[in-house]
Amino acid sequence: MSNQDKLVIFDTTLRDGEQSPGASMTREEKVEIGKALEKLRVDVIEAGFAIASPGDFESVKAVAEAVKDSTVCSLSRALEKDIEVAAEALKPANSGRIHTFIATSPIHMKYKLQMEPDKVIEQAVNAVRIARNLMPDVEFSCEDAGRSELDFLCRIIEQVIDAGARTINIPDTVGYSVPDQYGALIGNLIERIPNADKAIFSVHCHNDLGLAVANSLAAVNCGARQVECTINGLGERAGNASLEEIVMTVKTRSDFFPCEIGIDTRHIVPTSQLVSKITGFPVQPNKAIVGDNAFAHESGIHQDGVLKHRETYEIMRAEDVGWAHNKMVLGKHSGRNAFRVHLQGLGVDFTDDESFNSAFRAFKVLADEKHDIQDSDLLNLVGHA
Ligand code: KIV
Ligand code: ZN
């Protein structure tokens with residue numbers, strides 16, 4: 001048995017991810033993605049916001065029916081009706097979670113909620129009690145926690161834990177935080193709240209400044225033990241922390257992050273491709289882990305290094321995240337070694353140095369003119385077409 005802490009992976013592709021303008025999904029599509037997330041061994045799947053629409057209610061219910069190994073969760077405002085509808089949609093789940101939230105930053109309380117801070121605490125505590133009467137697994141989120149006051153966060157969190165919340169989520173709703181500060185926020189909350197040991201602290205970071213993954217990992221380093229994230233970093237505005245980057249960083253740098261993750265990483269790429277196909281949001285080629293070029297080498301120096309010993313330029317194995325293999329792309333920066341190995345793979349063996357040298361020279365001329373060199377171009381070049 002390992003004595004490492006478990007890091008809970010909470011996927012919100014079907015809820016926050018769907019809030020990306022243009023990414024809405026049908027019930028069937030949500031079930032297909034939900035099944036893929038289950039296969040990936042995600043711990044918690046946030047399937048939607050049950051009260052948002054009849055379609056969302058049906059989707060949460062359908063995911064709760066279809067998924068058996070992961071906990072299925074529905075979001076709800078801190079309102080009795082929302083919570084009851086969430087619980088109703090989650091009835092078929094083997095393991096369900098109600099996730100209720102209210103905003104805690106001065107700007108949200110004053111302008112959006114138009115409520116006094118004490119009233120916000122009262123409503124939050126009441127919501128958590130109602131949820132706990134319906135379901136044992138309740139998560140509470142302080143919306144806009146990244147811009148909330150530490151003392152106020154301590155007050156509200158202590159009381160919602162007393163009311164029965166077992167996961168406390170600290171969202172950086174507007175993506176304003178920076179890693180050292182956000183990590184310190186999580187560390188301070190855990191240290192200062194007297195009953196903090198009764199809950200798992202969770203993070204939910206938006207990517208407005210491109211810092212969602214860095215902020216989430218800084219928080220893990222300071223005691224957060226649940227990360228909320230999405231496939232391909234999908235999500236409201238600039239998106240959420242990307243699941244694949246969080247998971248592979250914690251796995252690859254296990255020397256730095258003393259946490260266990262239950263994800264079966266071999267399903268990362270197929271899940272990314274499924275989400276991209278269903279939402280119509282392409283994955284940029286240089287996206288970490290799941291981009292087409294994430295394991296491709298074009299420069300001659302790198303190709304030569306990888307052919308001699310993979311770890312010279314690779315920190316992860318393409319196969320471990322679900323690619324068939326890494327890629328040697330032949331282009332104008334490629335070297336002789338990669339050219340020779342690639343042609344051997346196509347059944348071409350050079351009998352003497354002169355024929356190899358002249359083929360390599362012709363390849364370099366072609367590569368200057370053409371971006372995308374195909375195997376047929378190479379075979380043409382050496383007269384094997
Ligand atoms: O970004 C956010 O604050 C949220 C909460 C509702 C968890 O998505
Ligand atoms: Zn969010």
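Ligand 1 takes up the space of the largest pocket. A pocket here is an open set of points on a 1 Å grid over the protein atoms alone, where a 1.4 Å probe fits, with protein on both sides within 12 Å along at least five of seven lines; a molecule sits in one if more than half of its atoms lie within 2 Å of its grid points. This is a predicted model, with local features needing pLDDT of at least 70 and side-chain atom pairs pLDDT 80 or more, while totals for chains, interfaces and linings use all residues. Residues are numbered from 1 along each chain, ligands from 1 in the order written, and side-chain values use heavy atoms, leaving out hydrogens and water.

**Around ligand 1**
- The shell (residues with a heavy atom within 4 Å) includes Arg15, His99, Phe101 and Glu143.
- Oxygen atoms of ligand 1 make polar contacts (N or O pairs within 3.5 Å) with side chains: 2.6 Å for Thr173, 3.0 Å for Asp16 and 3.1 Å for His204.
- Of the 260 Å² that ligand 1 exposes when taken alone, the protein buries 94% (Shrake-Rupley, 1.4 Å probe).

**The largest pocket**
- About 400 Å³ of space lies in here, as the volume filled by probe spheres set on the grid points.
- Its lining (residues with an atom within 4 Å of a point) counts 25 residues, with Leu75 and Lys112 among those nearest the centre.
- Strand 5 (a DSSP E run of at least two residues) gives the largest share, four residues.

**The second largest pocket**
- This one holds about 350 Å³, and Asn232 and Lys287 are among the lining residues nearest its centre.

Terms used:
Polar contact = N/O pair within 3.5 Å; in protein donor to acceptor, adjacent residues only side chain to side chain.
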